[in-house]
Amino acid sequence: MAAKTKQQLLEELKAKIEKDDPTPELRAGATQLVFGDGSPDADVVFIGEAPGKNEDEQGKPFVGAAGKFLNEMLAMVNLKREDIYITNIVKYRPPNNRDPLPAEKKAFLPYLQQQLEIIQPKIVATLGRHSLNCFLPELFISQCHGEPKRVKISLKGQKNNSLELVILPLYHPAAALYNGSQRQTLIDDFMKIPIILNKLSSNSKGGNNAK
Ligand code: URA
């Protein structure tokens, strides 16, 4: 039997979240699950916090003002939405757009890790502190933004029990949108994406001296 495609595996994972119902209260208050969007073969996966109003209505992450700004930055590095994959830690909209609760982030983390295990991206760009702290809980975004970090996460109860990732901490586009200096910092950090990708692919052909 042919191996399943990444797209099929992602669809199965989405169905599993719907069946497991990890956050019944959030699900009850939301219109739908916002699982993720983009290419299952993407080199770069972006991870936000949780869907907002527009995302809840349309079923896709980052389709509002923050998403428009994200698309503009993608264009600056010659990428389109179809080239990347984008998702959130928490996959149902929290009421009144409040911050996701620690228990909600924890409930969705295993599914997020499985999403990354399926896609196998070269870079995971975390958007904002919630997303950064899912992978690197001790770091402050103001001190590490734009600096790629290698992490090894353990996947409990799974076949391959660990996953190595390169995390690129970025400010959240919704926060940076209305803050002039943070906006420029985010753009400057974003411009590093092609440089890091290049470095990682030349390392995979030879040595391994990337940060
Ligand atoms: N902010 C997020 O963190 N995620 C979205 O999908 C939209 C806005």
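Helix α1 (residues 6–20) and helix α5 (residues 102–119) pack with their axes within 9 Å, crossing at roughly 170 degrees. Axes here are lines fitted to C-alpha atoms, for helices over the stretch in contact, with angles from 0 to 180 degrees between N-to-C directions. Helices (H or I, at least four residues) and strands (E, at least two) are DSSP runs, numbered from the N terminus. α1 and α5 are therefore roughly antiparallel to each other. Angles under 35 degrees count as roughly parallel, over 145 as roughly antiparallel, 65 to 115 as roughly perpendicular and the rest as oblique. From α1, the contact (heavy atoms within 4.5 Å) draws on Lys6, Leu9, Leu10, Leu13, Lys16, Ile17 and Asp20. From α5, it draws on Phe108, Tyr111, Gln114, Gln115, Ile118 and Ile119. By class, the contact of α1 with α5 has eight nonpolar, two polar and three charged residues. Ala, Val, Leu, Ile, Met, Phe, Trp, Tyr, Cys and Pro count as nonpolar, Asp, Glu, Lys and Arg as charged, and the others, Gly among them, as polar.

The model is predicted: local features need pLDDT of at least 70, side-chain atom pairs count only at pLDDT 80 or more, and totals for chains, interfaces and linings use all residues. Residues are numbered from 1 along each chain as its sequence is written, and side-chain values use heavy atoms, with hydrogens and water left out.

The crossing of α4 and α9 is right-handed. A crossing is left-handed if the near helix is turned anticlockwise from the far one by less than a right angle, and right-handed if clockwise. On the α4 side, Phe69, Leu70, Glu72, Met73, Leu74 and Met76 take part. They meet Arg183, Leu186, Ile187 and Phe190 in α9. The residues of this α4–α9 contact comprise eight nonpolar, no polar and two charged.

The strands form an open sheet of six, in the order β1-β3-β2-β4-β6-β5, with mixed pairing. Two strands pair if DSSP finds at least two bridges between them. The edge strands are β1 (37–38) and β5 (149–154), each pairing on one side only. Helix α10 (residues 193–205) packs on the sheet and touches β2, β4, β5 and β6. The direction of α10 makes about 155 degrees with that of β4.

Strand β2 (residues 44–48) is largely enclosed by the rest of the structure, because five of its five residues are buried. Buried means under 20% relative accessible area, exposed over 50%, and partly exposed in between (1.4 Å probe, protein chains only). In a regular strand the side chains alternate between the two faces of the sheet. In β2, Val44, Phe46 and Gly48 point one way, and Val45 and Ile47 the other. β2 pairs with β4 (residues 123–127) in the parallel sense over four bridges. Within that pairing, Val45 stands opposite Val124, and Phe46 opposite Ala125.

β2 also pairs with β3 (residues 85–88) in the parallel sense over four bridges. Here Phe46 has Ile86 as its bridge partner, and Ile47 has Thr87. Both faces of β3 are covered. Tyr85 and Thr87 on one side and Ile86 and Asn88 on the other are all buried. β1 and β3 pair in the antiparallel sense over two bridges. In β3, Tyr85 is the bridge partner of Gly38.

Ser162 lies in strand β6 (residues 162–170). Ser162 is partly exposed, with a relative accessible area of 32%. Leaving aside neighbours within four places in sequence, Ser162 contacts Lys152, Ile153, Ser154 and Leu155. The C-alpha atoms of Ser162 and Lys152 are separated by 6.6 Å, with the two residues 10 apart along the chain.

Two residues in loops have a positive phi without being glycine. Phe62 has a phi of about 50 degrees and sits in the loop between α3 (53–58) and α4. Phe62 counts as buried, at 6% relative accessibility. For Gln120, phi is near 55 degrees. Gln120 is found in the loop between α5 and β4. At 48% relative accessibility, Gln120 counts as partly exposed.
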